[in-house]
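I opened a new notebook page for this structure. My entries follow in the order I looked things up.

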Amino acid sequence: MKSGKVWLVGAGPGDASLITVKGLDCIRQAQALVYDRLVSAELVQQAPGDCEMYNVGKNPDRHPVPQPQINQLLVDCARRGLNVVRLKGGDPYVFGRGAEEAEALAQAQIPFEVVPGISSAIGGLAYAGIPVTHRDYASGFHVITGHLRQGNEPQDWGQLAKLEGTLVILMGMTQLASICQQLIAGGKPASTPAAVVMHASQQRQKIAAGRLDTLVEQVAAAGLTAPALIVVGNVVNLRECLAFVPEQLPLAVIPPRMLS
Ligand code: SAH
């Protein structure tokens, strides 16, 4: 049987209408949809009625499906001749192990495409009124994970503290206190503006903004938890001027193109 193909699609940061035209097109023609926890239900509902649906963010005992099983599922669905959409939060190659899924497909000689998405690291911050760069405040940015593979060397926050520009930390909430402390110990002034953005770009978005030495307290007071972005740098102050309330727009109606 001719193999199907896999599209690794970025769903964007949360607001369903931030998906790309191509990504939405893929979902609307999917024969199997493999999606995780951070993807909005509105996007999942765009799949055709007869599409096979796999929620790999949660298995029956409420734990995420292990990565090798997800890789195998993608390969198996494609080998059954299905057009498969692997829908991932943000951009498929920004953390979240998208590159490993692509490697598994390449190894199994399954044809695949990547459909980039808006990463929460950039678009999520924008929805919180925080521009990731600004000529006067940040000449660059660094996107860092707070969560490393077990057995890897821990992040050297002391070194990261020396970087100029905005620091955006994903998957860092369980270590927030220690990250802030180590950044200060590494030389970032305690007064550096810092914020946490929870559920960025969704209606339930919540923000705590302050400085490196007050952030932990503010986050606790506001009850913020994962999934959230931690952002450190002077651009955080621009929120006061740049915050906006997004209008809720319906997903665009686009004429479907046939996927090859
Ligand atoms: N590929 C994704 C990131 C996957 S890692 C992207 O490009 O955005 C998952 C982490 O991303 C979460 O733990 C959280 O830190 C961050 N994240 C993703 N979506 C988010 C959202 N809507 N609001 C806040 N943080 C988010």
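**Entry 1: the two domains**

I started where the chain divides, and I found eight residues of domain 1 in contact with twelve residues of domain 2. I keep in mind that this is a predicted model. I looked up the bounds: the domain assignment gives 6-118 for domain 1 and 121-242 for domain 2. I computed 28 Å between the C-alpha centres of the two domains.

Next I asked how much area domain 1 and domain 2 bury between them. I got about 730 Å², with 68% of it on carbon and sulfur atoms. On the domain 1 side, I noted that Pro 13, Asp 15 and Phe 95 supply 56% of the area buried against domain 2, more than any other three residues. I also looked for salt bridges between domain 1 and domain 2, and the count is zero.

**Entry 2: two positive phi values**

I went back to Phe 95. I found Phe 95 in the loop between β4 (84-88) and α4 (98-107). Its phi is near 50 degrees, a positive value in a residue other than glycine. Is Phe 95 buried, exposed or in between? I read a relative accessible area of 29%, so Phe 95 is partly exposed.

I placed Met 171 in the loop between β7 and α7 (176-185). Met 171 is partly exposed because its relative accessibility is 41%.

**Entry 3: salt bridges**

I recalled a general point: side chains of opposite charge can pair when their charged atoms come close. I then asked how many salt bridges the structure holds. The count is eight.

I looked at Glu 113 and Lys 5, whose side chains meet at 2.8 Å, N to O. I saw that this pair links distant parts of the chain, with Glu 113 in strand β5 (residues 112-115) and Lys 5 in the segment before β1 (6-10), 108 residues apart. Glu 113 is partly exposed at 23%. Lys 5 counts as buried because its relative accessibility is 15%, and buried means under 20%.

I moved on to Arg 86, which forms a salt bridge with Glu 101 at 2.9 Å between the closest N and O atoms. Arg 86 sits in strand β4 and Glu 101 in helix α4, 15 residues apart. I noted both Arg 86 and Glu 101 as buried.

I found that Glu 101 also forms a salt bridge with Lys 88, at 3.2 Å between the closest N and O atoms. Lys 88 lies in strand β4 and Glu 101 in helix α4, so this pair ties together parts 13 residues apart in sequence. Lys 88 counts as buried at 4% relative accessibility. I wrote down the network of salt bridges that links Asp 36, Arg 86, Lys 88 and Glu 101.

**Entry 4: a strand residue and a patch**

I checked Thr 166, in strand β7 (residues 166-170). Thr 166 counts as buried because its relative accessibility is 0%. I listed residues that Thr 166 touches, among them Val 132, Phe 141 and Val 235.

I followed Phe 141 to strand β6 (residues 141-145). Phe 141 is partly exposed at 33% relative accessibility. I found Phe 141 in a nonpolar surface patch with Val 94, Ile 122 and Val 143, with about 270 Å² of accessible area together.

**Entry 5: a cis bond**

Last, I looked up the peptide bond from Ala 226 to Pro 227, which is cis, with omega near 0 degrees. I placed Pro 227 in the loop between α8 (215-222) and β10 (228-232).

Notes
Residues are numbered from 1 along each chain as its sequence is written. This is a predicted model: local features need pLDDT of at least 70, side-chain atom pairs count only at pLDDT 80 or more; totals for chains, interfaces and linings use all residues. Side-chain values use heavy atoms; hydrogens and water are left out. Patches are made of residues with over 30% relative accessible area and no salt bridge: like charges are joined within 9 Å, nonpolar side chains (Val, Leu, Ile, Met, Phe, Trp, Tyr) within 5 Å. Accessible areas come from the Shrake-Rupley method with a 1.4 Å probe; for residues, only the protein chains shown count as cover. A salt bridge is a side-chain nitrogen of Lys or Arg within 4 Å of a carboxyl oxygen of Asp or Glu. Helices (H or I, at least four residues) and strands (E, at least two) are DSSP runs, numbered from the N terminus. Buried means under 20% relative accessible area, exposed over 50%, partly exposed in between (1.4 Å probe, protein chains only). Domain bounds come from an automatic or database domain assignment. Contact means heavy atoms within 4.5 Å. Buried area is the accessible area (1.4 Å probe) that two parts lose on being put together, summed over both. Lists of a residue's contacts leave out its neighbours within four places in sequence.
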